[in-house]
Amino acid sequence: MTRPPTLFTLTPAKEEAMRKLITVALVPGLLTAAGCTSVDTGLRNTVVLHYQHVANVHRIDFSTPVALPRRAPVRAVLPLDSHGFWAVFVLCGLDVTGANLPGFYFDADRLRVAYGERRYGPLHPYTVVLDGTTDVNSRFDTPALADAIAAELQRGPSTQVFRHGYYGNLDYRFAIYIPRALPDYAGEQLSLRYEGARTLALGNGYPPADVAVAGPDGAGVGAHCLP
């Protein structure tokens, strides 16, 4: 869907306040809890995604080292910028009950973190460090590393077709890479967007845990949405 041109700039706090105001205006009967089963008729063309931002992860250790050409298998990845991290989300539920919605095609690669005017999504080359060395991911290495990161952190399908209806308790987990520091970010819930369809993403408001290392010997990452 083509976005209208931005007429003014919002800070992240003001942007979130504006989204809450729009939500209240459009969906007075819409609850952000997972038990909600319908949307207001003002969202008859809109899919509503309920989510929780469960963790910010600063290093990923792989359960199975990643084989790459011309180097030893990679056992861990870290952000090239020391302030980068993986924002980990759980998709709690999907509301596809709008009157004009025959269904919804979900693709995890279309999910984005929205912060200010920036959008963050799939892993890009030359943005992560391999095994704490000076080596970074090339464009040839990136697909294999992205798959390995998904295998470590993602739970649930990468793509799925949802027919008209409400889907609660999905608990699909996925990670979005933030390659550098976010200005004025203090560890609060980040805003999520889904590109390519008319959607509204509503977080449940819980702040994420700060996780130094995720992987076989690291701290656990939340896998279920809190009520």
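**A buried asparagine and a cavity**

Select N137, which sits in the loop between β8 (128–130) and α2 (142–153); helices (H or I, at least four residues) and strands (E, at least two) are DSSP runs numbered from the N terminus. The model is predicted, so local features need pLDDT of at least 70 and side-chain atom pairs pLDDT 80 or more, while totals for chains, interfaces and linings use all residues. Residues are numbered from 1 along each chain as its sequence is written, and side-chain values use heavy atoms, without hydrogens and water.

N137 counts as buried because its relative accessibility is 0% (buried means under 20% relative accessible area, with a 1.4 Å probe and protein chains only).

Next, show the side chains of N137 and T142: they make a polar contact at 3.0 Å (a pair of N or O atoms within 3.5 Å, one able to donate a hydrogen and the other to accept it).

Now move to the cavity. A cavity is a set of points on a 1 Å grid where a 1.4 Å probe fits but cannot get out, and lining residues have an atom within 4 Å of a point; the volume is the space filled by probe spheres set on the points.

Select F106, A108, Q154, R155, G156, P157, Y172, R173 and F174 to see the lining of the largest cavity. Strand β11 (residues 172–178) gives the most to this lining, three residues.

Notes: 1 Å grid on protein atoms, 1.4 Å probe; cavity = no way out; pocket = protein on both sides within 12 Å on 5 of 7 lines; lining within 4 Å. Buried < 20%, exposed > 50% of the residue type's maximum accessible area, 1.4 Å probe, protein only.
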